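Okay everyone, let's get going.

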Amino acid sequence: MWLPQRIQVAVVVRLSECTAIAHTMLAKSRTRRQTPRHATTAWHLAVVGIMAVGIVSNGWADEPESPEASPRPADLSAAIDAVLEQAWSDAGIAPADDITDEAFVRRVYLDLAGRIPSTAERAAFLADAASDRRRVLITTLLASEDHAQHMADVFDVLLMGRASGRRTQERHEHGWRRWLEAAFRDNRPWNDMAETMLLARPSTPEDDAATWFLYERNNDYQKIAEAVAPAFFGFRIECAQCHDSMTAAEVEQAHYWGLVAFFNRGKNEMTGSGPRIVESAIGGFSEFADIEGTSSPNLLSFLEADTVEESRPAADAEQPDSDELYEPASREGEPRQPIFSRRERFVEDVVRDHPLLARAMVNRLWAMLMGRGLVHPFDEMDSAHSVSHPELLDLLTDDFRAHGHDIRRTLQAIASTRAYQRSARKPDGVEDPATFAWYLERPLSAEQFARSVHLALVGTSETPPQVLDSISRAMPDVLPDESVTGIAEPLFLSNGSALEELIQQGLQPPHALAAIAALPSADDATRSLFLATLGRAPSPEEMATIAAFLAGHNQTAPSQEASTASLARLSHVAWAIVTSAEFRFHH
Amino acid sequence: MHRRLFLEGSLAAGAVSMGSFSALFSAKAMAEEVKRQGKKCILLWLCGAPSQFETWDPKPGTETAGPFASIPTVIPGVHVSELMPQCAGILDKLAIIRSMKTEPSEHFQGIDVLTRGDGPRPPFTRPILGSVVAQQLGQLDSPVPQFVLLDPCPEGNEFKSFKAGNWAGWLGAEYGPVRAGGEYSIPNILRPESITETDHADREALRAFLSRKFENDQASVAAAGYNAAFARVKGLMSCAPLFDIERLPDDDRRRYGPGAFAQHALLARNLIENGSTFVMVANGMPWDNHVFQHEMHQMLVPELDNVIYQLVSDLEQRGMLDDTLVIAMGEFGRTPWLNDARGRDHFATAWSMAMAGGGIRGGVVHGATDERGFDVASDPVDNRQLFATFFTALGIDPNAEYDLGDLPTFHRVEGNAEPITSLLTAG
């Protein structure tokens, strides 16, 4: 249990009393701001207390006030580093070394732009003598189109699950993918994105495709509930379908069925303006039974939020539907909506200002950049999973809330920390990855891998959807809990067609690999290929090995055949580099 | 390091004259292959949890019994369900535990405990039984995969999520299973026609050279696991035929029966005969019969009955039974009572499992449940004792401590659990 003892007591007191406790603690924490190292403790207790009892009605607590609580991103980075460094010092840990600019440029491109840098981009960064070149690069990348694409890649999987074939195509056709790209391109506030997806009542044509979040689940309300909880609250609730969670007491069976009930009056309808989830004003009442067979009504409740009041017909009573229960949509041509809308109540009474919305998001953004969440796994933030650095999670959450759920600001702050810019070589004597004492190596996602190969060998990072599709089937993980290479991936890379086709495409002029092959000497080609893929020059040993490899087969062949053979040999070198761990992993 | 020295030496000697680039890297490849007289194991993983009442522990004449009768076996006084006539005939070769008593009664947690031997202790992941056995008894340099999971069904609720997890745990990826089964076969197992065998081997040698350099320079655990997985590709490709069900004799295929589970049990025999050390056969999660328990078990149990019979008989006929431990179990048992859907629900309080061969004494029934099967009446067995018994039967020290560097202390089986000696053959 990560809740401190004091807070467990607070959990059982009545809601109203606990509000008072929380506010008292908040007040105390404010007066102690001047001693940063300890101030966070009371603040943290207060936040945890509020979270644990989940007082989440509209405006449950003040937004953390400015200006003290609104540091510039640089100050936030420093605050993050201070927390981590204190923890290392307390634990007697010596963290990994700082990374070189060469390592940094690869890392930050992969994390923020979703691909390795091109040779030119890399060279431009390394030639920059300005002392703030790393900060400038982070800012530039966050504003890039690659960033929007990368975030859309990641969040498509996190919000919708991995898809392939027709389902991927549908996400494109119905504009879901474009909606995600636009949202991240505009750095849309996360709470706004969340509410737009969950209300699924687009007020502008630009938001039409946000309905796809619910629509793709095709009236499967349990599937919707099981997606909403981890995506927006950082909780997994599957187990609570049948019983209160056995590992995390705060996840109750009533929450599972409550969350289902918020959505179970919706019905998919393909309208003239696109997919819509039309909501009924009646129905959706049921009972759920626990393991002992005791039945309970599916009230509109979730994670200890105040249960949304609703009149409930008697068990066998017929509930008449009538036009009086509806009002027209504010936007012309949209389906009518119930005057009492469960979905609207969910968005306004539960989601809006819910502290977990920010908390889950910053934990996920942290995991994207740092390799694992402050709570791990990042979408199981229940009491069974401890927070490695509670004050840090609070710090990030408060900052995120205080700055309008600004995703880019949080990414910028994390990427600018010294902690992010540490070597991936684990220091001796430290085993726990939750210390973040070194940069956690991890495999590239399918998209990061495909876009990087495409950039290095074909010449652009704009990778065709079918290539992304075939590679993501073999490498489905995004932010995996653990990275373990099974035998399937080596087989796919060795014998599958997807990577081979990319390499062959690269060999066709005017693509990148063809240009490398046309260089005057084999050594030039090797150097150029290393730079394009690994961003470094080959070592003398590597040069010699590859020279031997390239010379391997064309001693006596006639010149035409020799040229074909050497092209094939070069394609094998390219294969060997992009399937080597140095390319395949993030480090 | 050897490899690097060897390579430099070769280059100095003039590598251009060599026919195959990969020959540069085969320094240690032909090292003597010490064939250990190791034991082997087939785990028939009955995922979802079968009912003890319709298998090994019938309760005739009580309200627990259900519609199926019990029948006598070759062991006087011991009865099993009438759905298992073939096993009844070879019960002298089987050992039954009727007094399993474990904790988790949810699938994921139950699968975790009954395949790894103990509950989780985050962030450390205990290796699964097959990984431990493969590591202890397997020949890592064998091209035949030492730990194979045959599972024709990619689905299976909690088992599906379990399959996605880390099986080899702290032993490392090289001890994880090779997964195959059914129509799915092993994807990408064949070399594409567009590349010659020599080029395929050469470029892999180059890949390994580059990748190992990174692994060493960075002391990278992830790269080590990644490279270990690649190192298995060639061997696995060379034994692709072993996984081809179509190549097995028609008569064998008929004897085992048409079901996917039965066919894969036969494939398990084939793999064990040809050098695998541990084969786990599953079929999604078919045993979780909360609905229409009797109808479902009426289909599932006879197939299991035949599979155990054929497997034990085949291994015996080939002289392999003494060295091959066969285990048949799920993650718990089922309730003595029926729910409203005429299903039996999860029940970890008192359940049964069966074993044969490989250091296990046949004809033994260990423990008992009360008259109606509501609880264990004598000799309760928990997961730790069960795993201590497996390991001892296979000649592996159950109480050995793992050598895990800075990690906390872990034992192969925790709590100094003792094996059940009455189930073990002498010595």
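Quick housekeeping. This is a predicted model, so local features need pLDDT of at least 70, side-chain atom pairs count only at pLDDT 80 or more, and totals for chains, interfaces and linings use all residues. Residues are numbered from 1 along each chain as its sequence is written, while chains are lettered from A and ligands numbered from 1 in the order in which they are written.

Now back to that sheet. It's an open one of eight strands in chain B, in the order β6-β5-β7-β1-β8-β11-β4-β12, with mixed pairing. At the edges stand β6 (178–180) and β12 (364–366), each with a single partner strand, so one side of each has no neighbour in the sheet. On average, neighbouring strands are turned by 15° against each other, direction ignored. Helix α4 (residues 129–137) of chain B packs on this sheet, touching β1 (40–45), β5 and β7 (278–281), and its direction makes about 165° with that of β7(B). For those angles, axes are lines fitted to C-alpha atoms, for helices over the stretch in contact, and the angles run from 0 to 180 degrees between N-to-C directions.

Next, look at β11 (residues 351–356) of chain B. Is it buried or exposed? Six of its six residues are buried, so the strand is largely enclosed by the rest of the structure. Buried means 20 or more other C-beta atoms within 10 Å of the residue's own, exposed means 12 or fewer, and partly exposed is in between, with C-beta atoms placed from the backbone. B:Trp351, B:Met353 and B:Met355 point one way, and B:Ser352, B:Ala354 and B:Ala356 point the other way. On one flank, β4 (residues 94–100) of chain B runs antiparallel to β11(B), joined by five bridges, and B:Ile97 has B:Met353 as its bridge partner. β8 (residues 324–329) of chain B is antiparallel to β11(B) too, over three bridges, with B:Ala328 partnered by B:Ala354.

Zooming out, chain B has 12 helices and 14 strands, and 54% of its 427 residues are buried. Chain B is divided into domain 1 (36–185 + 244–401 + 412–423) and domain 2 (196–240), with bounds from an automatic or database domain assignment. Their C-alpha centres lie 34 Å apart. Eight residues of domain 1 are in contact with nine of domain 2, where contact means C-beta atoms, placed from the backbone, within 7 Å.

Last stop, the two chains together. How many residues of chain A are in contact with chain B? It's 43, and they meet 43 residues of chain B. The largest share of chain A's side, seven residues, comes from α21(A).

One word on confidence: pLDDT is the predictor's confidence in each residue, from 0 to 100. Chain A has a mean of 85, and 86% of its residues reach 70 or more. Over residues 1–68 of chain A, though, the pLDDT is below 50.

Definitions and conventions. Helix = DSSP H or I, 4+ residues; strand = E, 2+ residues; numbered from the N terminus. Contact = placed C-beta atoms within 7 Å. Pairing = 2+ DSSP bridges.
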